[in-house]
Structures are given as C-alpha cells and as structure tokens.
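Hi,

Here is the model I promised to send over. Have a look at it first, and then read on for what I found.

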Amino acid sequence: MKTFLLAAVSLGLFTNLWGADLAAEPVEIYGTYTAGCICNATVLPAQGRGYQVVRLKRQRYFGHPTLISLIEDLGQQVFANDWGILYIGDLSQKTGGPMPNGHASHQNGLDADIMLMGIGLKGDLFLNETQREKFKPQSVLNKTFTDLDLRKWHPRHGEVIRAAASFTRVERIFVHPLIKRALCRQFAGEKWLHKIRPWWGHYQHFHIRLACPGDSPHCVSQPEPPLKTGCGEDLNWWFSDEAQQTFRKKTKGSKTPQKPSLPPQCLKLLGI
Ligand SMILES: [Zn+2]
C-alpha cells in the first residue's frame, strides 16, 4: 500500500511537471443553464480573501473551475480595494441539475449569486456559523420598489459589479432594472454595461453567468448580449406600464411554463 501511495505521489509530481494532472477527471458540462448538469464540478472553498459562502447546508457551492477561480479573483479585488465582502449565495449542486427550490437556472455550474449587502461595509465582516446559515439577504430597493434605498446602495456596489463584468469569461450579469439604471448613471457610456442585463428580482444579489467554456462541447450557449450599453430605450421599457403588467402576471404565476427537458447525459448523471 505504502509503495502504491509513494508511486502515486511521485507520478503526481511527474505529471505536474508536464503541466497535466492525469489523476483529475475532466470537467464536462451538458445542456443549458436551465436544463443542464456538470460532471466533476469544483468546490468553492467556504471562505477566502474577500468572500465567504453563506448557507453552506444547501450545498450549492459547486461550479466549473472557471467560475470558482473567478469568485476567488473577484474576492481578492474586493479585499485589495477595501470594498467590503462578497457573501456568496447559490452556485450549483454537486452535479448541477434542477434545484428543489429557488432557481430555474444555476443548473450547469456557470451561474453564481453574489449578495449585495456585504459590499461597501467596513470592519471584520466574516460571519460565524449560525449567522452564515441563517443569512437573510437585504434588498437595496426602497419599500415601494420605486427606487434604490441610498442607505443600502453604495457606489462601491457599482465598482464591484464593474470589476465582475470586466472578466472576459463573464458573459452577462443579471440585476434589477433600478440597479441597471444606477450603473448607467455611475458609468455612463462604458462598454461593459452591455453585459448588465435587467431582470425581475435581483435586488438582493447580482447574478453572474459565464459563457460556455471551450472544453465543454455539450454545453449549450446563449446568444451573446447585444453590444449596445442597453441604457436607453431598452432600459426604459422596464419602467413602462407594459412591463409592470408583465411583472404582475408573472408574480400571480398565471401558468408555470413547461420545464425544459434535460439532455440524456444529465438524466444518467443525476440518476433520474
Ligand atoms: Zn441566480
């Protein structure tokens, strides 16, 4: 046994010298963000410089290695710039797939929710075990949902979202339309704003979505967001009567849309 272990260790060293790790199983994504799964996902460490994962018991801290390193890199930037802390919400489950509650997407290891409430704060921001588990996200909107609450929204939120959008691997970031409007004002005309996609909800967290990685040919991509900043007409629509009606219909839950079907590889992986 000992000899075997020694051999394995030296083999590991040897393979690392050649820049490859023969022991690691390849990561593979199948399907879409809303009907997909991931094989051999990476675990996001529970905390690191500038970030802490909350609600660990949900075990939704798995993702594609690119997503994991991106969160770690963004945490480093938050730490270095004294922007507060990133409380990390849901990524994906161990093998991705549909979640019993909470999201339609987050199924293929490329989505991550980052809470807004730790950003802009000062001091020791690491939570203890109970606080992490009972974490209650805070909204940055006022009570009537008509504007941002400026006691809770800080320009540093804008800085962090801009830093996140500047990673080429990030294809889009979902935020509430009122947050997009604030970003359009804070960073008028900046190119990266096209990645910021207004969507309902997303006033307690922002949602990062990566493009399909090149090494996952079965990952089904979305069209890239249009290149315009999306700060004009497109954004105004979200504040129109038509949009409000759409929103009301959605919250009344008129008809739940049919769930998209999972690719066969996912059915096998998830044991469905
Ligand atoms: Zn999300």
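Before the strands, one term: two strands are said to pair if DSSP finds at least two bridges between them. Please also keep in mind that this is a predicted model.

Let me begin with strand 9 (residues 170–175). Of its 6 residues, 6 are buried, so strand 9 is largely enclosed by the rest of the structure. Strand 9 has pairings with two other strands. With strand 10 (residues 196–198), the pairing is parallel and runs over 3 bridges. With strand 11 (residues 205–210), the sense is antiparallel, over 4 bridges.

Strand 9, helix 5 (residues 177–186) and strand 10 together form a right-handed β-α-β unit.

Now to helix 2, which covers residues 65–80. Helix 2 has 16 residues and spans 23 Å from its first C-alpha to its last, close to the 22 Å expected at 1.5 Å a residue. Which residues of helix 2 are buried? They are Leu 67, Ile 68, Leu 70, Ile 71, Leu 74, Gly 75 and Val 78. Looking down the axis of helix 2, you will see these buried residues fall within an arc of 160°, so they line one face of the helix. Just after helix 2, Asp 82 adopts a positive phi of about 60°.

Note on methods
Residues are numbered from 1 along each chain as its sequence is written. This is a predicted model: local features need pLDDT of at least 70, side-chain atom pairs count only at pLDDT 80 or more; totals for chains, interfaces and linings use all residues. Side-chain values use heavy atoms; hydrogens and water are left out. The expected span of a helix is 1.5 Å times one less than its number of residues. Buried means under 20% relative accessible area, exposed over 50%, partly exposed in between (1.4 Å probe, protein chains only). The arc is that of the directions from the helix axis to the C-beta atoms. A crossover is right-handed if, with the strands pointing away from the viewer, the path from the first strand over the helix to the second runs clockwise.
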